[in-house]
Amino acid sequence: MKKTVFFIFTVALFAGNYKIDSESKLIVDKGLEDVKENCVVCHTGRFIVKNGGDKKFWETKIRVMQKAFGLWDLDKRTHDSIVNYLAKNYHKDWKKGRDSLSKDLSTPKLNLK
Ligand code: HEC
């Protein structure tokens with residue numbers, strides 16, 4: 001019984017354990033500033049994270065951005081910081097249990113000039 005209570009408490013804690021950045025609408029965590037500086041400049045943060053994945057997934061996305069859409073070279077620190085941030089917070093199943101976050105994902109907006 002004690003174990004069950006502890007389990008429920010832990011799940012509840014994790015479910016609500018994130019803050020949303022009001023500007024980018026992305027989860028506040030280490031690396032967010034790099035994402036805002038290098039990715040959210042062209043499209044909204046929510047557009048980037050319509051899909052999620054592991055580090056490999058995000059590394060590929062960055063390469064696509066560089067090859068096709070004009071993302072500049074990133075130094076290793078910035079690149080790793082972005083990949084770590086995205087793979088940690090926006091992995092494949094990130095929407096599970098976060099319905100309130102995924103609600104407005106259907107309206108991507110581009111900030112292209
Ligand atoms: C110079 C502008 C620019 C920058 C900087 C940029 N992107 Fe993009 N991105 C685009 C454009 C243009 C599209 C295509 C939009 C479309 O498909 O209509 C796109 C689409 C995407 C997509 C959705 C398409 C797909 O293949 O899944 C993802 C994910 C993405 N970008 C991630 C990133 C990440 C992560 C960064 C930062 C490391 C980044 N972008 C930086 C211009 C940019």
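Two residues are taken to be in contact if their C-beta atoms, placed from the backbone, lie within 7 Å. By this criterion, Ile 82 touches Gly 31, Asp 34, Val 35, Asn 38, Cys 39 and Ile 62, with residues up to four places away in sequence not counted. The model is predicted: local features need pLDDT of at least 70 and side-chain atom pairs count only at pLDDT 80 or more, whereas totals for chains, interfaces and linings use all residues. Residue numbers start from 1 along each chain as its sequence is written.

The protein contains six helices and zero strands, where helices (H or I, at least four residues) and strands (E, at least two) are DSSP runs numbered from the N terminus. The order of elements from the N terminus is α-α-α-α-α-α. Of the contacts between residues at least 6 apart in sequence, 70% join residues at least 24 apart. Buried residues account for 13% of the 113 residues; a residue is buried if 20 or more other C-beta atoms lie within 10 Å of its own, exposed if 12 or fewer, and partly exposed in between.

A nonpolar core is a set of buried Ala, Val, Leu, Ile, Met, Phe, Trp, Tyr and Cys residues joined through C-beta atoms within 7 Å. The largest such core has 13 residues, of which Val 35, Cys 39, Ile 82, Tyr 85 and Leu 86 touch the most other members. Helices H2 (32-38) and H5 (76-89) each supply at least two residues of this core, and H5 gives the most, with four residues.

Helix H5 has 14 residues and reaches 20 Å from its first C-alpha to its last, close to the 20 Å expected at 1.5 Å a residue, the expected span being 1.5 Å times one less than the number of residues. Its buried residues are Ile 82, Val 83, Tyr 85 and Leu 86. These lie on the same side of H5 because they cover an arc of only 165 degrees around the axis, the arc being that of the directions from the helix axis to the C-beta atoms. The buried residues of H5 pack against H2 and H4, while Lys 76 and Arg 77 are exposed on the other side of H5.

The ligand is surrounded by 16 residues, the closest being Cys 39, Cys 42, Phe 69, Gly 70 and Leu 71; a residue is near a molecule if its C-beta atom, placed from the backbone, lies within 6 Å of it. Helix H4 (residues 55-68) provides the largest share of this shell, four residues.
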